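Me: I'm new to this structure and would like to learn how to read it. Could you take me through a few features?

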Amino acid sequence: MTHGRRADSYTPRPDGAGPRDTAARYVLLPLRIFLGVTFVYAGLDKLTDSAFLKDSGAGSIGDMMRAVRDSSAIPALVDMALESPVGFGYAIAFGELAVGIGTLIGLLTRIAALGGALISLSLWLTVSWAAEPYYYGNDLPYLMAWTPLILAGAPLLSVDAALRARRRRGTF
């Protein structure tokens, strides 16, 4: 038995990209799919829940905001939402839907990710701020999960990538 490098273990591709390079190109795709599906689901769930989009009552946005007002990091933000709880509920639902769709198809991905991060930040500072210990609240991990997409966008399998390729070819 000889010791040394095996010649057949890795054959470089002509474009210089090996298996690790290929994997690195697709690394954000699972995150994009997870966040996109989750935010589309969250938006649709709110829009189809008749109890949620009410000023008061069990499961309503109004009652939820009143319940978290005193324990939130920014009570003024909750007060603003309480001026029109139903309107705020619709804004959050449609915002989550737009962010989710934009993230899934990769359209204006960095802007969609920034929107997702802002939604997560506002929910963390209001609804899940009182979670003890802090890592029991789910909005902070979502906020952090948006960061790679804000920084990198959707370089592959996206409308953004297709538009970028068309601009490079000059067919746009």
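Me: How do the residues of the lining of the largest cavity divide into nonpolar, polar and charged?

Reply: Rolling a probe the size of a water molecule over the atoms shows where empty space is left. Here a cavity is a set of points on a 1 Å grid over the protein atoms alone where a 1.4 Å probe fits but cannot get out, and lining residues have an atom within 4 Å of a point. The lining has eight nonpolar, one polar and two charged residues; Ala, Val, Leu, Ile, Met, Phe, Trp, Tyr, Cys and Pro count as nonpolar, Asp, Glu, Lys and Arg as charged, and the others, Gly among them, as polar. Among the lining residues are Arg25, Tyr26, Arg32, Gly153 and Pro155.

Me: What should I know about the model itself?

Reply: This is a predicted model: local features need pLDDT of at least 70, side-chain atom pairs count only at pLDDT 80 or more, and totals for chains, interfaces and linings use all residues. Residues are numbered from 1 along each chain as its sequence is written, and side-chain values use heavy atoms, with hydrogens and water left out.

Me: Which residues touch the most other members of the largest nonpolar core?

Reply: A nonpolar core joins buried (under 20% relative accessible area, 1.4 Å probe, protein chains only) Ala, Val, Leu, Ile, Met, Phe, Trp, Tyr and Cys residues through side-chain atoms within 4.5 Å. In this core of 15 residues, they are Trp146 and Leu149. H6 gives the largest share, six residues. Helices are DSSP runs (H or I, at least four residues), numbered from the N terminus. Another core, of six residues, lies apart and includes Phe52 and Met65.

Me: Which residues of H6 are buried?

Reply: Among them are Ala113, Gly116, Ala117 and Ser120. Beyond its neighbours within four places in sequence, Trp146 is in contact (heavy atoms within 4.5 Å) with residues including Ala113, Gly116, Ala117 and Ser120.

Definitions and conventions. On a 1 Å grid over the protein atoms alone, a cavity is a set of points where a 1.4 Å probe fits but cannot get out, and a pocket is an open set with protein on both sides within 12 Å along at least five of seven lines; lining residues have an atom within 4 Å of a point. Buried means under 20% relative accessible area, exposed over 50%, partly exposed in between (1.4 Å probe, protein chains only). Helices (H or I, at least four residues) and strands (E, at least two) are DSSP runs, numbered from the N terminus.
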